[in-house]
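Please read the following briefing alongside the sequence and the 3D structure, which are shown just below. The points after the lead sentences are grouped by topic.

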Amino acid sequence: MRRRVVGAGLVLALLAVGLVLTTAGSAKSEQAPLKIAWMYPGPHNDGGWSQAHERGRLLVQKTFGNKVQTTYKENIFSNAQAPQIVAGLVREGYTMIFGCTFGMFENGVNGQLWSKYPDVKFEQATGLQIKKNQSEYFGAGEDTIYLSGMAAGAATKKNLIGYIVPFGIPEVVRHINAFTLGAQAVNPKARVKLIWTNAWYSPPKETAAAQALIAAGVDVIGQNVDSPAAGVVAEQKGVPWVGYDSDARKSAPKQWLTAATYDWGPYYVKRVRAALNGTWKPGFYYGTIKDGFTGLAPYGPKVSAKTRAQIAAKRKAMVSGKFSVFQGPIYDQSGKLKVKPGQKLRLIQDLYTMQWLVKGVVGKVSSVLPPG
């Protein structure tokens with residue numbers, strides 16, 4: 001009898017040990033979540049650029065659940081802040097970081113972050129530096145900005161449109177030109193007057209810029225800055241408004257025309273999936289209307305059926321490759337032929353270095369660059 005009891009005890013002991021081993025093995029086999037961070041130049045809820053990226057982060061969290069742990073850092077108004085923020089994120093175990101503004105991981109000391117943290121996967125929107133652990137991503141915003149310019153060109157009665165812009169970098173310059181060319185596609189007499197805020201996100205400066213433009217005689221306002229502050233002014237003054245980055249019609253329900261938008265989410269999901277399954281590689285992504293990266297926000301009540309049809313036809317031509325925004329003939333402000341008939345500007349060599357303005361733009365390229 002005792003031998004049976006001892007045997008039973010031994011079996012129970014072995015089972016207990018086995019249970020412990022199995023539990024330990026299960027705990028060991030469970031992979032720790034991939035820690036991913038986003039760095040925004042403005043507030044995560046700015047109603048524009050940063051909020052569009054934030055929607056992408058939330059999609060990543062929803063898609064992958066407990067396989068990932070995400071966070072964001074906001075109001076990074078100067079790229080000079082990036083090294084300190086990255087250092088803190090690395091200490092906290094973040095191994096994939098998306099820098100959501102021009103040159104955040106590229107210029108000066110920032111350009112060496114990829115080397116200082118070789119185990120971190122860096123992704124930058126926007127710029128040109130590609131390294132073994134750093135990618136670049138952006139998209140053809142010029143296409144949808146052109147389309148939004150068509151809405152502005154159709155809305156102006158004075159043939160003078162105001163455009164609020166941040167910094168004189170090629171990205172912004174090509175967007176100014178695209179907006180102007182779009183306006184002139186439906187209204188050849190349209191001119192676009194610039195005001196520079198020298199800030200990606202500054203509601204006070206954007207408010208002042210909108211007020212100054214209206215005082216100068218514009219009867220439509222567009223923008224390439226991040227907040228909907230100009231839209232609030234436009235609504236108060238009864239001036240049609242074209243936004244940028246996000247659908248911000250709630251800021252100006254009566255005066256809203258449309259906006260060029262970006263859908264960052266699918267790209268973020270794709271890149272995070274690659275990081276999770278070990279297939280992530282550095283690269284350069286430039287999204288388009290065709291792949292759904294760039295789009296146009298819903299129209300407001302002031303966009304006529306005729307204008308909607310014109311925009312739809314031009315969009316279709318873009319998707320099919322029959323139309324390119326920067327296809328000649330295109331003339332600069334002085335009337336000089338810059339792009340010959342039939343010639344198309346190249347992405348890196350031409351669009352990523354653009355520092356000239358098309359005919360019909362009132363103003364000049366700001367010499368102020370993003371801080372840091």
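Aspartate 350 forms a salt bridge with arginine 346, the closest N and O atoms being 3.0 Å apart, where a salt bridge is a side-chain nitrogen of Lys or Arg within 4 Å of a carboxyl oxygen of Asp or Glu. Aspartate 350 counts as buried because its relative accessibility is 19%, whereas arginine 346, at 47%, is partly exposed; buried means under 20% relative accessible area, exposed over 50%, and partly exposed in between, with a 1.4 Å probe and protein chains only. The model is a predicted one, in which local features need pLDDT of at least 70 and side-chain atom pairs count only at pLDDT 80 or more, while totals for chains, interfaces and linings use all residues. Residues are numbered from 1 along each chain as its sequence is written, and side-chain values use heavy atoms, with hydrogens and water left out.

**Other salt bridges**

- A search of the whole structure finds five salt bridges, and one of them joins the side chains of arginine 57 and glutamate 54, at 2.8 Å from N to O.
- Arginine 57 and glutamate 54 are separated by about one helical turn, because they lie three residues apart in helix α2 (residues 49–64), and both of these residues are buried; helices (H or I, at least four residues) and strands (E, at least two) are DSSP runs, numbered from the N terminus.
- Arginine 174 and glutamate 142 also meet through their side chains in a salt bridge, at 3.5 Å from N to O.
- This pair links distant parts of the chain, with arginine 174 in helix α6 (residues 170–186) and glutamate 142 in helix α5 (residues 141–155), 32 residues apart; both arginine 174 and glutamate 142 are buried.

**Nonpolar cores**

- The largest nonpolar core has 72 residues, and Phe98 and Trp264 are those with the most contacts inside it; such a core is a set of buried Ala, Val, Leu, Ile, Met, Phe, Trp, Tyr and Cys residues joined through side-chain atoms within 4.5 Å.
- Leaving aside residues up to four places away in sequence, tryptophan 264 touches Trp49, Ala52, His53, Ala125, Tyr137, Phe138 and Phe293, a contact being heavy atoms within 4.5 Å.
- A second, separate core of 18 residues includes Ala209, Ala210, Ala234 and Trp256.

**Helix α8 and its surroundings**

- Within helix α8 (residues 229–237), the residues Ala229, Ala230, Gly231, Val233 and Ala234 are buried.
- The buried residues of α8 pack against β6 (160–165), α7 (203–215), β8 (220–223) and β9 (241–245).
- Just after α8, glycine 238 takes a positive phi of about 70°.

- Valine 272 is found in helix α9 (residues 265–277) and is buried, with a relative accessible area of 0%.
- Not counting residues up to four places away in sequence, valine 272 touches Leu34, Ile36, Val60, Phe64, Val68, Met96 and Phe98.
- Glycine 295 belongs to strand β12 (residues 294–296), and, with residues up to four places away in sequence not counted, glycine 295 touches Thr144, Ala259, Ala260 and Thr261.
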